[in-house]
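Dear colleague,

Please find the structure below, together with its sequence. The notes that follow set out what was found in it.

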Amino acid sequence: MAIVNVKQYEDYILQYWDVSVTDNWYNGSYIEVNSDDTTTGEFNTQLIVTAQGVGTYAASICDSATDGGKTDWYLPSTEELVALFNSGVTMPNIAWSSTEIDGTDAYVVDLDTGDILTYDKNGSALIFKVRKEYTTTFVSVDKMKLQSKNAPILRGGENNADEDVYKMLGGVNGISKNSNILSNE
C-alpha cells in the first residue's frame, strides 16, 4: 500500500492510505460528540477521540496510524470522502465519515454511487485514513481565523486566532498569549 493523492486544493493535497480495515464508528457507547463539520475531518477526529478515548474504532484507528511514516492521519469528513469517490475511488461498499448526525448515527459515503447516507455508529464500514500534504509553508491570517472559528478543541469555545497561533508556535520566547500576534499593533 502507498499514499495516494486525491485532490489538489489551494495550499494542500488531500491524500489517502489504501483501505485495509472495517470497524465501528464508536467505542462501545452511544454518545454525541458534535463532530458535525462536513468539510474537513481533522477537527471532527480530534473531538471523537477526545470524547471516546483510545480504542479500535474508526477515528482512533486513523488518529493513531503511522502509515507511510506519517502521523497526521484522520477520519475524513463527508466532503473529503465524496472527493475520494470523485477522484475514482469506487467500490461496492460504504466508508465512514467523521461527520456525526447525533448520538446514534453518523454519515457514510456509498463508494459505488457517491451518495451520503445515514448509518448506525455500531455498524461496520470501511475506514479510509486521510491527511493533508501542505504545498505552502505559511498559513494566511484569514485561514487561521477560519480554523480558529471551526476548531472548538483548540479555541476553548472562543474565536481566538491569536491563541491558536501562540499554541502552534509552542509558546515562543518573547511572545505572550496576549501579544496580538495577528494584529498590526
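I begin with a pairing between two strands: in β2, the bridge partner of isoleucine 3 is tryptophan 17. Helices (H or I, at least four residues) and strands (E, at least two) are DSSP runs, numbered from the N terminus, and two strands pair if DSSP finds at least two bridges between them.

Some notes on the source come next. This is a predicted model, in which local features need pLDDT of at least 70 and side-chain atom pairs count only at pLDDT 80 or more, while totals for chains, interfaces and linings use all residues. Residues are numbered from 1 along each chain as its sequence is written, and side-chain values use heavy atoms, with hydrogens and water left out.

β1 and strand β2 (residues 12-17) are antiparallel and are paired over five bridges. They belong to an open sheet of three strands, in the order β1-β2-β8, with antiparallel pairing. β1 (3-8) and β8 (129-134) are the edge strands, each of which pairs on one side only. From one strand to the next, the twist averages 35°; axes here are lines fitted to C-alpha atoms, for helices over the stretch in contact, and angles run from 0 to 180 degrees between N-to-C directions.

Strand β4 (residues 94-100) pairs with β5 in the antiparallel sense over four bridges. Within this pairing, isoleucine 94 has aspartate 110 of β5 as its bridge partner. The two strands form a hairpin, with four residues between β4 and β5.

β5 is also joined to strand β6 (residues 116-120) by five bridges, and these two run antiparallel. Here the bridge partner of valine 108 is leucine 117 in β6. β5 and β6 form a hairpin with five residues between them, and glycine 114 in the turn has a positive phi of about 85°.

Strand β5 (residues 105-110) is mostly covered, as five of its six residues are buried. Buried means under 20% relative accessible area, exposed over 50%, and partly exposed in between (1.4 Å probe, protein chains only).

**Helix α3**

Helix α3 is mostly covered as well, with seven of its nine residues buried. These buried residues are Thr78, Glu80, Leu81, Val82, Ala83, Leu84 and Phe85.

Alanine 83 lies in this helix, which spans residues 78-86. Alanine 83 has 10% relative accessibility and therefore counts as buried. Leaving aside its neighbours within four places in sequence, alanine 83 is in contact (heavy atoms within 4.5 Å) with Val6, Lys7, Tyr9 and Leu14.

After α3 comes glycine 88, whose phi is positive, near 110°.

**Salt bridges**

A salt bridge is a side-chain nitrogen of Lys or Arg within 4 Å of a carboxyl oxygen of Asp or Glu. By this rule the count comes to five salt bridges.

One of them joins the side chains of glutamate 42 and lysine 132 (2.8 Å, N to O). Glutamate 42 lies in helix α1 and lysine 132 in strand β8, so this pair ties together parts that are 90 residues apart in sequence. Lysine 132 counts as buried, at 9% relative accessibility.

Glutamate 100 forms a salt bridge with lysine 121, and the closest N and O atoms are 2.4 Å apart. This pair links distant parts of the chain: glutamate 100 is in strand β4 and lysine 121 in the loop between β6 and β7 (125-126), 21 residues apart. Glutamate 100 counts as buried at 5% relative accessibility, and lysine 121 is buried with a relative accessible area of 0%.

The side chains of arginine 131 and glutamate 133 also meet in a salt bridge (2.7 Å, N to O). Arginine 131 counts as buried at 5% relative accessibility, whereas glutamate 133 counts as partly exposed at 29%. Salt bridges that share partners join Asp72, Arg131 and Glu133 into one network.

**A backbone detail**

Most residues other than glycine have a negative phi. Asparagine 34 has a positive phi of about 60° although it is not a glycine. Asparagine 34 is placed in the loop between β3 (22-23) and α1 (41-52).

With kind regards
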